[in-house]
Amino acid sequence: MSRIIVDLSHPLDDSTVTYPGDPVHYSCCNAEGKGFSLERNEGANLHSLSIGTHTGTHIDAPGTSCLMIVRSRQQVEWHDLQPFHDHIARAGATKSALVLRTGWSKHWNSLSEYRAHPFLSGDCALQIVAAGIRVIGLDTFSPDETPLPDGPLTAADAHVALLGAGIPIAENLRLDDLDGVWTQEDDDAGRWTISLLPLRLTALDGSPIRAVAWRG
């Protein structure tokens, strides 16, 4: 079987959406004092890059695949994952990662739509912890509800349950390219491997990652 590699990371550019209140992505080599520029005859192009640790596809530090299509701002309960309970149990038994695909990657370029993603209830997150999952990944801003503009703060029950159990959370995965490639049979047979490599940052709360999955 030939190897298939799928990039699960969103590109970072000036249009990258960020979680409400997070620092925006910034990259520049043309402004004075912000890197070097061939246009200014400085011998090279060198960008100044400034991003938050939770920008784009990233992983939350603590303090294979599961298909699920759900609705806007739906709270996902453990019983909603019933068709995948056996799959989650097998992943937990082998101390594997669980990737929850909601289909929300398609809204990545629209902040108003992307922030209306489905989210896990606290009990659902606790059941995932109890199953033995070691890492969880999602194609949304967060496993918790993202607050609306000028709305009240939302609970962080899923973060508390997952990070409290030492389970890193990979957020904003780009899973659309798995269409026509991923199959339940391949996944059950352990033919897929996922890599979520953070920058080697010391004593921080998270990091952008280059997420890649491959089969074969």
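Here is a short report on this structure.

## About the model

This is a predicted model, in which local features need pLDDT of at least 70 and side-chain atom pairs count only at pLDDT 80 or more, while totals for chains, interfaces and linings use all residues. Residues are numbered from 1 along each chain as its sequence is written, and side-chain values use heavy atoms, with hydrogens and water left out.

## Overall build

The protein has 5 helices and 12 strands (DSSP runs: H or I of at least four residues for helices, E of at least two for strands, numbered from the N terminus). Of its 216 residues, 45% are buried (under 20% relative accessible area, with a 1.4 Å probe and protein chains only; exposed is over 50%, partly exposed in between).

## The largest pocket

The largest pocket holds about 280 Å³ of space. A pocket is an open set of points on a 1 Å grid over the protein atoms alone, with protein on both sides within 12 Å along at least five of seven lines; a cavity is a set where a 1.4 Å probe fits but cannot get out, and lining residues have an atom within 4 Å of a point. A volume is the space filled by probe spheres set on the points, which are joined across faces, edges and corners.

Of the 17 residues lining the largest pocket, Tyr19, Asp60, Ser142, His159 and Glu171 lie nearest its centre.

## The second largest cavity

The second largest cavity has a volume of about 50 Å³. Its lining has 11 residues, with Thr102, Pro118, Phe119, Leu120 and Leu138 nearest the centre.

## A leucine in a loop

Leucine 204 sits in the loop between β11 (192–198) and β12 (206–215). Leucine 204 counts as partly exposed because its relative accessibility is 49%.
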